[in-house]
Amino acid sequence: MINYDYIMVRFGELSTKGKNKIDFIKTLGNNIKNALKDFNNVGIDIRRDHIYVQLNGEDYLPILTRLQDVSGIHALSLVYKCSKEIDDVKASALELIKQEKGKTFKVKVKRSDKQYSIHSEEMTRIIAGHILRNTDNLTVDVHNPDILLSVDMRQEACYIFSSTYEGAGGYPLGVGGKSMHMLSGGIDSPVAAYLLMKRGVMVECIHFASPPYTQQGVIYKLEDLLHKLNRYQPRIRLHIIPFTKIQEAIYDNVDESYCITLMRRMMFRLADRLAHRRKCPVISTGESVGQVASQTLASMNVINAVTNMPVIRPCATMDKLDIIKISEKIDTYEISIRPYEDCCTIFTPLAPKTMPHLDEVIEFEKKFDYESLIQEALNNVEVKFISEDDEEIL
């Protein structure tokens, strides 16, 4: 029986990066090492066209499962390594294909070592013929085979594989920079954070807390959500902004229908300043177009007016059911629906403006000194650092 030696990591979209490809591959290699840090025996072999994870006797299944969450990986294959001697290649290919289920097969040979004496087409015929002569129920199907047996002849050895698994795709975490991400504790914002991570963007999170109107349970909920997201980003900084005084000032001075609009403008002002402080070039949110009053295009336009910083909304065009599917996939859904309300849901007006006017908003903001309140909030930020290892670093 064949025991797999390696898991081969394919890059996919990463392969298009030209001169930056080497840096991207190094970052991906480091992310893989971190993801597999609990598997003591594995080795990592980083090359220009693939990364090989050497199993060294470790069970491949938990390693494979862990690697499927690492962004930047297009696909993963279980690989058996043998010598390039033709008899060894034939025997290994036959043994491997006997372990697979199916009635039809195709052999695909890649001769990466151009000095190897047998050309790809001839090698394909040799291996396929050997399989047909030594099995009873297999036939060749070059168009839609049940089993695709791949043989890669490299300079140092021959690599054979037939089982390929889907990876997370996207880019390696960290190559896309960093975003200041608004995290409410609902369903959408953790999904948006996950989608950013898939594109190689690291996140720092900002949350607006309004005690005593909001409960400590909200913070525990956020920590649990971030622990789920630690699977994709091992350490996440959480900034908890005291928002009570700002919220009370809004409700004391502003027509109720405009309160949500002003609250969101204050949140974006705070996120903008904290993003500059933390050297994050963008702000990100879990907003989806039209989902609530503050997420109509007219509302977004008025709210966005307080910042010149780009705002990324990964969920903007997604249906709620699609967002829920992703939240279930990343295991955040059950946490997100815990009955702890954030400051927006607690202070939701009965009839919020869906088409706010910027000039009216500006007039409302003149009624109170929001700048001093924003500065006070920034001076009293609580910082938590959520990590896979349950460390808290301030």
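Select strand 1 and strand 3: the two run antiparallel and are joined by 4 bridges (strands pair if DSSP finds at least two bridges between them; strands, E, at least two residues, and helices, H or I, at least four residues, are DSSP runs numbered from the N terminus). This is a predicted model, in which local features need pLDDT of at least 70 and side-chain atom pairs count only at pLDDT 80 or more, while totals for chains, interfaces and linings use all residues. Residues are numbered from 1 along each chain as its sequence is written, and side-chain values use heavy atoms, with hydrogens and water left out.

**Strand 1.** Stay on residues 6-10, where 4 of the 5 residues are buried (under 20% relative accessible area; exposed is over 50%, partly exposed in between; 1.4 Å probe, protein chains only). Pick Ile 7 and find Val 53 of strand 3 opposite. Then pick Met 8, which faces Ser 77 in strand 4. Strand 4 covers residues 75-82 and pairs with strand 1 in the antiparallel sense over 5 bridges.

**The hairpin.** Next select residues 43-46 and 51-54, strands 2 and 3, which are antiparallel with 4 bridges. They form a hairpin with 4 residues between them. Gly 43 stands opposite Gln 54.

Now show the 8 strands together: they make an open sheet of mixed pairing, in the order 2-3-1-4-8-7-5-6. Strand 2 and strand 6 (139-140) are the edges; each has a single partner strand, so one side of each lacks a neighbour in the sheet. Move to strand 5 (residues 104-111) and strand 7 (residues 147-153), a parallel pair with 7 bridges. Lys 106 is opposite Leu 148 here.

**Nonpolar patch.** Select Leu 132, Val 140 and Val 142, which make a nonpolar surface patch of about 230 Å². Patch residues have over 30% relative accessible area and no salt bridge; like charges are joined within 9 Å, nonpolar side chains (Val, Leu, Ile, Met, Phe, Trp, Tyr) within 5 Å. Areas are Shrake-Rupley values with a 1.4 Å probe, and a salt bridge is a side-chain nitrogen of Lys or Arg within 4 Å of a carboxyl oxygen of Asp or Glu. Leu 132 belongs to helix 4 (residues 120-133) and is partly exposed at 38% relative accessible area.

**Negative patch.** Finish with Asp 255, Glu 256, Asp 359 and Glu 360, which form a negative surface patch. Asp and Glu count as negative, with the charge placed at CG of Asp or CD of Glu. Asp 359 lies in helix 13 (residues 358-365) and counts as exposed because its relative accessibility is 54%.
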